[in-house]
Amino acid sequence: MCGIIGYVGMENAVPVILDGLKRLEYRGYDSAGIAVLNEQGFGVVKQKGRLSSLEKLIDQHPIDGVIGIGHTRWATHGEPSDINSHPHLGSQHRIAIVHNGIIENYQQIKERLQQKGISFVSQTDSEVIAQLAEYYYTGNIVETVIKTANALEGSFALGIMSLDEPEKLIAVKQDNPLIIGVAEHGNFIASDVPAILAHTNKVYYLNDKEIAVLTGSTVEFFNMDGEPLHKELEVVNWSLDSAEKGGYEHFMLKEIMEQPKILQDTIHSALSGDNAKIIESLDIAKYKKIVITACGSAYNAGMVARYVFEQLCRVSVEVELASEFRYKDPIIDRDTLVILVSQSGETADTIAAMREAKRRGAVTLSIINVVGSTIAKEADNTIYTMAGPEIAVATTKAFSAQLVLLYLLAIAFARKLGRISPEVEAKLVADIKSIPNKAAEILERVDSIQKYAASCVGYKSIFFIGRNIDYAIALEGSLKLKEISYIHSEAYAGGELKHGTISLIEDNTMVVAISCCERLYEKIYSNVEQVISRGAKVLMIGNCIKAAPGEKLEVIKIPAINELFSPSLSVIVLQLFAYYVAANKGLDIDKPRNLAKSVTVE
Ligand code: M6R
């Protein structure tokens, strides 16, 4: 869960790499560092803390060179510290590396090298890569990288420089993302596209066990036998604007505000664009069961989708946490369609779930935001959310795009299964097409949500309740709040309160109740009354709320829509609520503590 970038070209690598690291900081931000290579050898500046501290340090100790590598870290092995920061060098200072991933056999390699008299300076797994490459160095960096990569167990995306071949930047990967960017003034390696968008949108996607050798003017690829490979250069359609804050204080707010547009793009693509072809090609009648598996918010999207699929298709749907999936001996076979949902397409647990599903013969369909990511490439079928780059750690627009794709998938399946008439289908599609404008209406009322959220910063704990599909979206509201505001939060099905949780309700507990299921209004309102009578203050969000606001009750109404698609509207209020609570607490919203955007470790 770190970000890596490397550059070789005509420009000074330091500002180029620093700029790239800023765009990668969402992947990890407990320490950062840069190494350049010039006539004097390696110049390395690295330290614990945010990138802004690294910039100051570089101002005090300038380095320069036309080739370099940079890293922003989310610690796994070894605490965040100056010495554990990347880049790491071999003890002879002849090889420098940056690493994203985990080396599982690092202890064995370390002991082996220590017995040969090599001394280590850090507690990281990554240092062994630099030490081993230096130890193996044969005079040919490609051969050395092959030998080194073959000795490593675990996951890695690596940027490597060698003192003996100072014009070459080497990249290799196994289970962690790495792209190669080709610009006019030089070539790049990077963990993802936004890191290099300021320079180019032309990329190669590196596959596992492929090696890239970059100079300022050439890019070559090799397999692990050292044989040359041909790869296609691809053009990415993300714009630089979409990866910049554009005047907003935080990426999260910008990404919330982008939702009407990205919803429209995603709906269009599923109805008549590239996604439509894939959706139409899926023969749902072949499957007895659908399993949706994902992590975090993507799992919550699956929880919402279950209600929609089951209601429209009358097919049994299971939603599994991807982190648990492979350990539960899942009951899946070739008659199961496994749907993987992931913004990054690089979440280690979701990748493992996909591989387990494939191993058991299931057909996989992935819903992904990042083109060229591991899941997108390995799943049998992939449809893309048209959310563009999502930088804030807390997902908003990608989640919303996942929801509409899942709805449209459910409608297509229901049609194919003969469960809905053309008239019903047309009505459902019209409802979905109304979501972007209704989302925009909610966003126009941002001030009132902001004002209310400002009064909620003092709570130690906030509960979210809902019934049926409102419960599914309550899970997302709660996750959003806790991850960025650090306020403890839980989500419950309203009917579950009386089975235990209600004992936590006392004077000035806060409860957020979602109410978009008209037929269940009386039920959720009775839960609201139960908690108010025990001292709670309640915020009701929904489109079927009959109660009037009062001393203990605040109401935020959203536009009317089919109950099945209402999560797409209630979630916007929930996102804004979480955002403004965190903003009022003055927190680092885009980079919440202990988290990283892309969780590439188990
Ligand atoms: O990239 P993915 O969608 O696979 O990521 C899954 C989760 O890590 C992610 O949704 C996480 O829960 C978000 N930070 C929530 O806002």
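Which residue in β10 does V182 stand opposite? I looked this up in the predicted model and found N187 facing V182. The strands concerned are β9 (residues 179-182) and β10 (residues 186-190), which pair in the antiparallel sense over 4 bridges.

Next I traced the sheet that holds these two strands. I noted 8 strands in an open, antiparallel arrangement, ordered β3-β2-β4-β1-β10-β9-β11-β15. At its edges I found β3 (41-48) and β15 (234-235), each of which pairs on one side only.

I then checked the helices against this sheet. Helix α1 (residues 13-24) packs on the sheet and touches β1 (3-9), β2 (31-38), β4 (67-73) and β10. I noted an angle of about 155° between the directions of α1 and β1. Helix α2 (residues 51-60) lies across β2 and β3, at about 135° to β3.

I turned to helix α4 (residues 127-136). Because 9 of its 10 residues are buried, α4 is largely enclosed by the rest of the structure. I listed the buried ones as E127, V128, I129, A130, Q131, L132, A133, E134 and Y136. The cover over them includes β5 (88-89), β6 (95-103), α3 (106-115), α5 (141-151) and β7 (154-162).

Last, I looked up the nonpolar cores. The largest has 140 residues, and I34, F309, I339, L409, V512, F565 and F577 touch the most other members. Helix α13 (residues 397-416) gives this core its largest share, 15 residues. Apart from it I recorded another core of 29 residues, including V128, L152, F156 and I170. V128 is also on my list of buried α4 residues.

Key. Residues numbered from 1 in each chain as written. Predicted model: local features only at pLDDT ≥ 70, side-chain atom pairs only at ≥ 80, totals over all residues. Heavy atoms only, no water. Buried < 20%, exposed > 50% of the residue type's maximum accessible area, 1.4 Å probe, protein only. Contact = heavy atoms within 4.5 Å. Pairing = 2+ DSSP bridges. Axes fitted to C-alpha atoms, helices over the stretch in contact; angles between N-to-C directions. Core = buried A, V, L, I, M, F, W, Y, C linked by side-chain atoms within 4.5 Å.
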